[in-house]
Amino acid sequence: MGDDELHARLKAYEGRPAAVAGTGRDPVNAPMIRHWCEAMGDRNPAYTGPDAIAPPTMLQAWTMGGLGGHAGRARPYEELLALLDRAGCTSVVATDCEQEYVRPLRPDDEVTFDTVIESVSERKTTKLGTGHFVTTRTDVRVDGELAGTHRFRILKYAPAHRKPKERRPRPVVNRDNAGFWEGVSRHRLLIQRCAACATLRLPWLPGCHACGSPDWDTVEAGGEGTVFSYVVMHHPPFPAFDPPYAVALVQLAEGVRIVSNVVGVPYDEVRVGMPVRLDFRRYDEELVLPVFQGVAACGPGTS
Ligand code: ZN
């Protein structure tokens, strides 16, 4: 079904009933007025005492079906919603309401109401997605006399497609650290070692921080380590990351430290001192990163 055909079918529901001969579950009454005023912080004296009226904005409250739902909902409205569902507009959000007050409601007034499908918009694209606004108008009466009207607008829409998952940021590879990333691509964690004084360094740097020598070779990490410190990321969520997750400063058995993710254990079981073991994880067709598998806590009887 094309957009025009759908809209024509939707328009055909304008003027048809959404609820017929509804009756308020309770007469207008002082306890509900009091609770409303307390919830709203409204101390207007017009809403208390022997000549009390109900706050006009309670108009809809007297027509509501409660947790049991809308028993009086008419078939055309159900059909309209089903038609929108079939057109892919499966989500719904209330957008706004307007009320007009004709006469005040007072305790003991018995409310009746009818609701009509007033309008169905053409196809609209919003931030939430594309769909149709449906406006219903409820006429609220007491003893057959109009007391007020309540217009309620919803958007029935097809949720906008979320963007494809973004890729994880790329590491910045330069002349000084290219050897490190080349090692990672071969699933080897290479630590720089000063050729003059044998001090290990990670991350890679152009010179030795102990003796200043620019000469170096590498040793391969054995893969054993412990969590030296960690944080759990909850917020803000970055694209390509699924919080919460644990980011740790891992102390390698060789003595140097590396920032990485702890994986394989729940984020809230990561602890300082926890043993971890080096692993390599492929994130996409070109990105492999060193990560650390958490080693679950020792069971009872071990020391
Ligand atoms: Zn050195």
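Author: At the start of helix α2 (residues 30–40), where helices are DSSP runs of H or I with at least four residues, strands are runs of E with at least two, and both are numbered from the N terminus, a side-chain oxygen of asparagine 29 comes to within 2.9 Å of the backbone nitrogen of methionine 32. This is a polar contact (a pair of N or O atoms within 3.5 Å, one able to donate a hydrogen and the other to accept it; residues adjacent in sequence count only if both atoms are side-chain atoms). Just after α2, glycine 41 has a positive phi of about 70°.

The model is predicted, so local features need pLDDT of at least 70 and side-chain atom pairs 80 or more, whereas totals for chains, interfaces and linings use all residues. Residues are numbered from 1 along each chain as its sequence is written, and side-chain values use heavy atoms, leaving out hydrogens and water.

Turning to the rings, those of Phe, Tyr and Trp (its six-membered ring) pair if their centres lie within 6.5 Å, and planes under 30 degrees apart are stacked, over 60 edge-to-face and the rest tilted. That rule gives four aromatic pairs. Phenylalanine 180 and tryptophan 204 form an edge-to-face pair, because their ring centres are 6.4 Å apart and their planes stand at 70°. Since phenylalanine 180 lies in helix α4 (residues 178–185) and tryptophan 204 in the loop between β8 (200–201) and β9 (216–220), the pair ties together parts 24 residues apart in sequence. Ring pairs link Phe180, Trp181, Trp204 and Trp216 into a cluster.
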